[in-house]
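Let's take a walk through this structure together, from single residues out to the whole chain.

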Amino acid sequence: MNNTIFTKPSFYAHILSSVILILILLLVINNFSVMQKTLTLYEKLMTLMVLSLVIAVHGLSHLGLENSYKFLI
């Protein structure tokens, strides 16, 4: 295994984004009924858009790590 991946900032950024994404998903799941009652349609759409951006950025970090690991074809 290539241990130099653990010295790259992209690895730690990926781990941090994973933790934040998991925390966001847990908060949404735990507060879903409250969010359904209190948020307007616009706020619900904005929440979904931000969540999709977070997932997309996390997916892009996978590409950076695959490049570091030399997994790209």
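A word on burial before we start: a residue is buried under 20% relative accessible area, exposed over 50%, and partly exposed in between, using a 1.4 Å probe and protein chains only. What you have is a predicted model, where local features need pLDDT of at least 70, side-chain atom pairs count only at pLDDT 80 or more, and totals for chains, interfaces and linings use all residues. Residues are numbered from 1 along each chain as its sequence is written, and side-chain values use heavy atoms, with hydrogens and water left out.

Let's get the layout down. The chain has 3 helices and 0 strands, and its elements run α-α-α from the N terminus on. (Helices, H or I with at least four residues, and strands, E with at least two, are DSSP runs numbered from the N terminus.)

How far can you trust it? The pLDDT, the predictor's confidence in each residue from 0 to 100, has a mean of 80 over the chain, and 82% of the residues reach 70 or more. Where pLDDT is low, the predicted coordinates should not be read in detail.

Now pick out leucine 16, in helix H1. Its relative accessibility is 52%, so leucine 16 counts as exposed. Then find histidine 58, in helix H3. This one counts as buried because its relative accessibility is 12%. Which residues does histidine 58 touch, leaving aside its neighbours within four places in sequence? It is in contact (heavy atoms within 4.5 Å) with His14, Ser17, Ser18 and Leu21.

Zooming out, contacts between residues 24 or more positions apart make up 74% of those in the chain with a separation of 6 or more. Of the 73 residues, 12% are buried.

Last stop, the largest pocket. On a 1 Å grid over the protein atoms alone, a pocket is an open set of points where a 1.4 Å probe fits, with protein on both sides within 12 Å along at least five of seven lines; lining residues have an atom within 4 Å of a point. Here 13 residues form the lining, with Val28, Met35, Lys44, Thr47 and Leu48 nearest the centre. Helices H1 (9-30), H2 (32-38) and H3 (41-69) each supply at least two lining residues, and H3 gives the most, with 6.
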